[in-house]
Amino acid sequence: MKVVKPTRIINEIRALRFAAGEMTQAELAERIGVTRQTVIAIEQGRYSPSLEVAFKIARVFAVPLETVFQYPEDQRPRRGRKPA
């Protein structure tokens, strides 16, 4: 069994789906060319999408990539310092 490390990236996919007329996970999956299970894993933070899939999600909702996905400030390496 493969253990998948949860991603640190957070997302607003669920909120965006509901703001878009309560779009289902299956509808989003079809529009971006992945399975519903992939959308579920991304939405729940268990999987980080490829950059291509991330851009497709943002385009579906007509919002910038940063509106869909965020990387929390406290987890970014600081300039001039090595990450812990």
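A crossing of two helices is right-handed if the near helix is turned clockwise from the far one by less than a right angle, and left-handed if anticlockwise. In this predicted model, the crossing of H2 and H4 is right-handed.

Start with that pair. Two packed helices are described by the angle between their axes and the distance between the axes. Helix H2 covers residues 25–32, and helix H4 covers residues 51–61. Their packing angle is about 115°. The axes lie 10 Å apart.

Now look at the side of each helix that faces the other. H2 brings Leu 28, Arg 31 and Ile 32 to the contact. H4 answers with Val 53, Lys 56, Ile 57, Val 60 and Phe 61. Sorted by class, six of these residues are nonpolar and two are charged, with no polar residue.

Follow the chain past H3. Gly 45 comes after the helix, and its phi is positive, near 75°. Gly 45 also has a partner from another part of the sequence: Thr 7. Thr 7 sits in the segment before S1. Beyond its neighbours within four places in sequence, Thr 7 is in contact with Gly 45, Tyr 47 and Ser 48. Between Thr 7 and Arg 46, the C-alpha to C-alpha distance is 6.0 Å, across a sequence separation of 39 residues.

Key:
Residues are numbered from 1 along each chain as its sequence is written. This is a predicted model: local features need pLDDT of at least 70, side-chain atom pairs count only at pLDDT 80 or more; totals for chains, interfaces and linings use all residues. Side-chain values use heavy atoms; hydrogens and water are left out. Axes are lines fitted to C-alpha atoms, for helices over the stretch in contact, and angles run from 0 to 180 degrees between N-to-C directions. Helices (H or I, at least four residues) and strands (E, at least two) are DSSP runs, numbered from the N terminus. Contact means heavy atoms within 4.5 Å. Ala, Val, Leu, Ile, Met, Phe, Trp, Tyr, Cys and Pro count as nonpolar, Asp, Glu, Lys and Arg as charged, and the others, Gly among them, as polar.
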